[in-house]
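Follow the strands of this model one at a time.

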Amino acid sequence: MGSNTESTGTIDGWDNSGGSSMYYPPHFYSRRDDLRQSVMEAIQEMMSELEDLHKNINDQATQHIHAGEIILTYALSKTVELFLKAAATKKRKFQVIVCEGAPHFGGHQMAKSLAEAGIDTTVIHDAATFAIMARVNKANGGLIAPSGSNMVALAAKQNSVPVVTVAGMFKLCPMYPHEGQDTLNDLISPSSVMDYSLLGDPVLSEVELVNPVHDYIPPQLIDLYVTNIGGFQPSYIYRLLAEYYHSDDWELLANCVGSTADRKITIAFDRQRYEGKRGNTKK
């Protein structure tokens with residue numbers, strides 16, 4: 001990195017379409033001789049956490065799944081699949097209703113796997129979610145989840161069905177979705193929803209087709225988060241953010257996302273700062 005880059009606080013070559021260089025916080029350019037070691041330690045710590053992730057979550061299965069319950073889940077989720085199978089192996093008899101998750105239909109694979117594990121499983125069309133919700137005891141959801149999950153959460157709210165999110169702590173992000181459904185989302189080709197050959201129709205040619213990958217589910221629609229370190233209510237997520245992220249990481253994320261909202265970035269933070277922050281936080 002040249003001296004002009006360090007003095008001006010810009011990165012040459014990272015140019016948006018407008019031609020202006022991106023600006024980052026000053027500590028982004030400071031020299032850290034121990035950075036390599038710190039990053040390697042943080043990666044090793046993350047790998048260790050991921051190895052025990054599903055086991056720690058599955059140990060809580062019997063606390064949240066009871067005999068005779070009907071549980072609805074949307075599309076395919078490996079974490080949810082293992083969570084339900086863990087409850088079944090502990091002699092809990094329950095029924096699972098799986099929304100097929102069009103247009104990718106991950107729910108078909110999910111239902112097949114659960115059925116092979118001896119779980120009473122039913123697949124339904126996504127459009128039947130609201131009609132079936134009155135029979136359900138629990139629904140599975142998440143904040144940034146596959147497109148269609150928000151429909152499940154809204155139907156659960158209308159029928160007073162608790163929505164439970166099962167996820168590892170490594171998915172926690174300090175970025176707040178200020179723009180609602182447009183935050184942290186991607187739009188993909190609508191060809192999976194409608195064949196391009198149909199656009200020759202004069203009416204359909206005037207239709208705008210939007211195919212988002214994810215849904216944003218607001219916290220008021222979530223009742224409980226089940227993570228590898230325990231179960232938490234949505235109001236406690238801010239406390240978890242304070243424990244797992246240093247304030248400097250929040251600032252770095254805000255600057256990076258503010259400069260280019262469509263870029264995906266990953267922050268590796270100093271393990272010593274991380275542990276020091278956790279050590280100073282009172283339970």
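Two strands pair if DSSP finds at least two bridges between them. The model is predicted. Strand S4 covers residues 95–99, and S4 pairs with strand S5 (residues 120–124) in the parallel sense over five bridges. Within this pairing, Cys-99 stands opposite Ile-124 in S5. How does the chain get from S4 to S5? The path runs through helix H6 (residues 106–116), and this β-α-β crossover is right-handed.

S4 also pairs with strand S3 (residues 70–74). Here too the sense is parallel, over five bridges. Ile-71 has Val-96 as its bridge partner in S4.

Now look at the side chains of S4. In a regular strand, side chains alternate between the two faces of the sheet. Gln-95, Ile-97 and Cys-99 point one way from S4. Val-96 and Val-98 point the other way. Are these residues buried or exposed? All are buried. Because five of the five residues of S4 are buried, the strand is largely enclosed by the rest of the structure.

Next, turn to a loop. Gln-60 lies between helix H3 (53–58) and helix H4 (61–64). Its relative accessibility is 9%. Buried means under 20%, so Gln-60 counts as buried. Which residues does Gln-60 contact, leaving aside its neighbours within four places in sequence? They are Phe-83, Val-226, Thr-227, Asn-228, Gly-230 and Gly-231.

Technical notes
Residues numbered from 1 in each chain as written. Predicted model: local features only at pLDDT ≥ 70, side-chain atom pairs only at ≥ 80, totals over all residues. Heavy atoms only, no water. Buried < 20%, exposed > 50% of the residue type's maximum accessible area, 1.4 Å probe, protein only. Helix = DSSP H or I, 4+ residues; strand = E, 2+ residues; numbered from the N terminus. Right-handed = clockwise from strand over helix to strand, strands pointing away. Contact = heavy atoms within 4.5 Å.
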